[in-house]
Amino acid sequence: MSKTIFVLNGPNLNMLGKREPGIYGGKTLNDIESECVAAGRQLGFDVECFQSNHEGILVDRLHEADDRAIGVVINPGAYGHTSIALHDAVRAISVPVIEVHISNIHAREEFRHKSMIAPAAKGMICGLGPGGYILALHALHNITN
């Protein structure tokens with residue numbers, strides 16, 4: 001198996017750069033994905049990026065990661081606070097998963113404070129902006145080597 005990392009993004013992250021730049025910054029999802037691919041290359045990974053606004057499609061990609069990837073970085077967006085299905089999908093696979101949030105979910109509305117993904121993930125990075133994705137790739141490098 002190649003050293004592939006999946007970088008998955010959930011609902012509304014396709015709107016980065018336009019959506020609430022005071023919270024999420026001015027980078028687009030394409031900018032972040034390009035940075036992930038470049039950082040992954042430096043770490044010896046092939047990075048495959050994917051975004052969906054649909055929960056079941058993200059579940060399918062997590063299942064696919066179990067056969068095709070050595071790790072997953074996921075920004076589940078709002079699904080991180082609500083999705084038992086994503087929690088169960090993370091638990092069902094054998095590869096490590098790092099949850100990422102661009103904003104500090106603990107400094108925002110109370111309904112965002114709890115992550116359904118975090119208890120099933122290897123770790124969580126939040127509040128460090130788009131650089132959190134790169135930190136997650138470094139974490140997976142350390143975990144998988």
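A: The salt bridges follow, with one network in focus.

This is a predicted model: local features need pLDDT of at least 70, side-chain atom pairs count only at pLDDT 80 or more, and totals for chains, interfaces and linings use all residues. Residues are numbered from 1 along each chain as its sequence is written, and side-chain values use heavy atoms, with hydrogens and water left out.

The whole structure holds 5 salt bridges. A salt bridge here is a side-chain nitrogen of Lys or Arg within 4 Å of a carboxyl oxygen of Asp or Glu.

Salt bridges join Glu48, Arg61, Glu64 and Arg68 into a network. Glutamate 48 pairs with arginine 61, with the closest N and O atoms 3.8 Å apart. This pair links distant parts of the chain: glutamate 48 lies in strand β2 (residues 46–51) and arginine 61 in helix α3 (residues 55–68), 13 residues apart. Helices (H or I, at least four residues) and strands (E, at least two) are DSSP runs, numbered from the N terminus.

Glutamate 48 also forms a salt bridge with arginine 68, at 2.4 Å between the closest N and O atoms. That pair again connects strand β2 to helix α3, 20 residues apart.

Now accessibility. Buried means under 20% relative accessible area, exposed over 50%, and partly exposed in between (1.4 Å probe, protein chains only). Arginine 61 is buried, at 15%. Glutamate 48 is partly exposed, at 25%. Arginine 68 is partly exposed, at 33%.

Another salt bridge joins glutamate 35 and lysine 27, at 2.7 Å from N to O. Glutamate 35 is partly exposed at 31%, and lysine 27 is partly exposed at 33%.
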